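Subject: Structure handover, aromatic contacts

Hello,

Here is the structure for your files. My notes on its aromatic rings follow below.

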Amino acid sequence: MSKKKFGLNTICTHVGEVKDEQFKGAVSPMYLSSSYEFLDVDVKRYPRYFNTPNQEFLSKKIAALEHTEAAMIFGSGMAAISTMFFAFLKQGDHLVVQNTLYGGTVNFIKEEFPKYGIEYTFTNGYTVEDFEAAIKPNTKLIHIETPSNPLMTITDIKAIAKLGKSKGVLTSIDNTFASPVNQKPIDLGMDMVMHSATKYFGGHSDICAGAVASSSEHIERIWNVGKNLGGSLSDITVWMLERSMKTLGLRVKAQTKNAIKLAKWLEKHPKISKVNYPGLKSHPEYKLAKSQMSGFGAMMSFELLGDIDALKFQKKLKLIKSSMSLAGIESTMLSPYLTSHALLSQQERDNVGINDQLIRFSVGIEETKDLKRDINQAIVALELS
Ligand code: PLP
């Protein structure tokens, strides 16, 4: 049976398993060898070559989920994104990149690109016109993030892919927030898709990993740079990631269902002034999100009314954890200005709309009513204190 015909949860469960030929165990054996035979073998395996049995097979699961020919797994999302950028950008090339983006990616571009003579332009906004206006004769790559971290802006993936093709420029997307459960950018025409696998792929807040999926040709180019940069993932973690990804579809669907209910409830909450969630009709790109996502995801952000201190509020939460990361099965919150976007200047944060009242909310799988109760009790506790 063709792997393309498999449904989401079948891919999550079965594609990319390493068969235990020796003992016929039900799960993939873990191959921890860092040294493999080189004589009379088709593939010379070595962990930094991203081709140990566990690495090779897990990348098949990611490729199947993202509808690509190939994929690679890295030691972190930043290893994935930096290797991808260095594979397609060299001295004198130019990158067009969305202005509302994960802070670590922004920081990487600003700190590292000048050292290698790579030019970049952050767009003024996230419409296709904003991207087109930033393209130069030496532009080689357009990079987008949608939904974006932390404001949940939505960029028109099809339009960006079309723009790239019309200008002969490659396109890449950070698909971390949506995950392939809710969004398949390759089907919409993008060339490459990357993930912080630390997030939904791992899903239990105990793995740091990254991934890129694309055509075999592009992955070979990324591999050529990746083996030099050395950002591969240990096989213990690869094995854990494979196990985690078996429930990716189940987890993300449950989290998405919870998030819709919570976003609607938060929007009506008297102490909350704004909710950013693409599944709300009030979201400026609701229709676009609906057209390109199969689910709206489980990430949102909201602003507390000005008289409520966002940090004191988070300290009063009992169930929802304050957390640097996101996308685990447990609900978490953070203040982007102190964490994911702390390295941006106040002016840069003001420009994109990240203020001190903004809280990023990663919705988990807990019962919706318990999450609502926790938010309410934290507000009441603050008012009484
Ligand atoms: N992309 C997005 C959207 C993220 O949120 C993050 C991390 O928070 C990254 C990339 C970087 O991933 P990692 O921390 O796994 O390197």
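Lysine 110 has its charged end over the ring of phenylalanine 122, 6.0 Å from the ring centre. The model is a predicted one. A second contact of this kind involves lysine 60, whose charged end sits over the ring of phenylalanine 57 at 5.2 Å from its centre.

Phenylalanine 122 also belongs to an aromatic cluster, together with Phe85, Phe86, Phe108, Phe113, Tyr116 and Tyr120.

In total, the structure contains 15 aromatic pairs. One of them joins phenylalanine 86 and phenylalanine 108: the ring centres are 5.6 Å apart and the planes stand at 75 degrees, so this pair is edge-to-face. It links distant parts of the chain, since phenylalanine 86 lies in helix 3 (residues 77-88) and phenylalanine 108 in helix 4 (residues 103-112), 22 residues apart. Phenylalanine 86 is partly exposed because its relative accessibility is 22%, and the cut-off for buried is under 20%. Phenylalanine 108, with a relative accessible area of 12%, is buried.

Another pair is formed by tyrosine 277 and phenylalanine 296. Their ring centres are 6.5 Å apart and their planes are at 65 degrees; planes over 60 degrees apart count as edge-to-face, so this pair is edge-to-face.

Regards

Key: Residues numbered from 1 in each chain as written. Predicted model: local features only at pLDDT ≥ 70, side-chain atom pairs only at ≥ 80, totals over all residues. Heavy atoms only, no water. Phe/Tyr/Trp six-rings, centres within 6.5 Å; stacked < 30°, edge-to-face > 60°. Helix = DSSP H or I, 4+ residues; strand = E, 2+ residues; numbered from the N terminus. Buried < 20%, exposed > 50% of the residue type's maximum accessible area, 1.4 Å probe, protein only. Lys NZ or Arg CZ within 6 Å of the ring centre and 35° of its normal.
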